[in-house]
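I am opening my notebook on a new structure today. Come along while I look things up, from the whole chain down to single residues.

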Amino acid sequence: MKRLSRTFWSISVLSTCILAALSALAQEGTLENVAPKGVTPEEIIQHFAAKEKEFKEAREHYTYRQDIKVQTRDGDTVTGEYHEVFDVLYDDKGHRIENVVFAPQSSLEQGGLSLDEGDVQDFRNRLPFVLTTEEVPEYNILYVGQQQEDTLHCYVFDIAPKTIVGKKRYFQGRIWVDDRDFQIVKTYGQAVPEIRDTKKKGNKTEHLYPKFTTWREQIDDRYWFPTYTRADDTLHFNLGDIHIREIVKYEDYKRFGSNVKILYQGKEIPRGDQKPDEKKPDAPPDQQPPQK
């Protein structure tokens, strides 16, 4: 996002002290620094990365509605807002189509910001973060313990990119992996890398993104798809702070009809056997998704 006529947002790479504070911010159960039983951290990574690959491929054959709202705020006052609602659909050849159903004129400029193409791609690809087998070698992944997420018992990992390649964006933060399904059920962190005006000349673009939490919900008793993302953060620019709030909702997941086979653990999913599961980790009390 751009800070109009002055500077761009900038991303702060998560420091060790920030990662240590994630537990308190998210308000989960106590993080227990104990080794997993009957499985090694490396095996857990292999398991969830393989499931993430299945999840990524399957989600490309589901329709859903995405609701994106970005606000700049001064206390409780909204000073600018971007709001877009669109349906993700597919044509008869399986090509993705986005049908915009609600997109009023953005007023983010009144808050001093505007979206660029990178921000739009973050909404689509970085917030619903996926870490597949092919992407694992790009990251340092550190097992930090076990933690309860509502009714789910999870393995917890901190992750960070090993190197920054070109203009590619990465995720850095923490992930929670269900110890039964070996699937990521929650993420907390932010996009990296940063571009910051370290000389404070005021004429160089800066990129900064808020820390966000994404919760997933089990769909069709198989896949943990993202359903709700929330960020509420203050971004520290050289020329002043901006308070931003983001809420992204993913709703009405439905497998679309086509000749494409969707596999789960190597087996094709029957079309008629798809019932959403209510099982999901609860968000902290102050970050609960709105009730439907």
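This is a predicted model: local features need pLDDT of at least 70, side-chain atom pairs count only at pLDDT 80 or more; totals for chains, interfaces and linings use all residues.

Residues are numbered from 1 along each chain as its sequence is written, and side-chain values use heavy atoms, with hydrogens and water left out.

Next I looked up the secondary structure. I found three helices and 15 strands in the protein chain; these are DSSP runs numbered from the N terminus, helices (H or I) of at least four residues and strands (E) of at least two.

Then I turned to contacts, meaning heavy atoms within 4.5 Å. Among contacts in the protein chain with a separation of 6 or more, 62% join residues 24 or more positions apart.

Which peptide bond did I find to be cis? The one from Val-192 to Pro-193 is, with omega near 20 degrees. I located Pro-193 in the loop between strand E10 (184–192) and strand E11 (212–219).

My last stop was the loop between E11 and strand E12 (223–237), where Asp-220 lies. Its phi is near 55 degrees, a positive value in a residue other than glycine. Asp-221 lies in the loop between E11 and E12, with a positive phi near 60 degrees.

Are these residues buried or exposed? Asp-220 counts as buried because its relative accessibility is 6%. Asp-221, at 43% relative accessibility, counts as partly exposed.

Conventions:
Buried means under 20% relative accessible area, exposed over 50%, partly exposed in between (1.4 Å probe, protein chains only).
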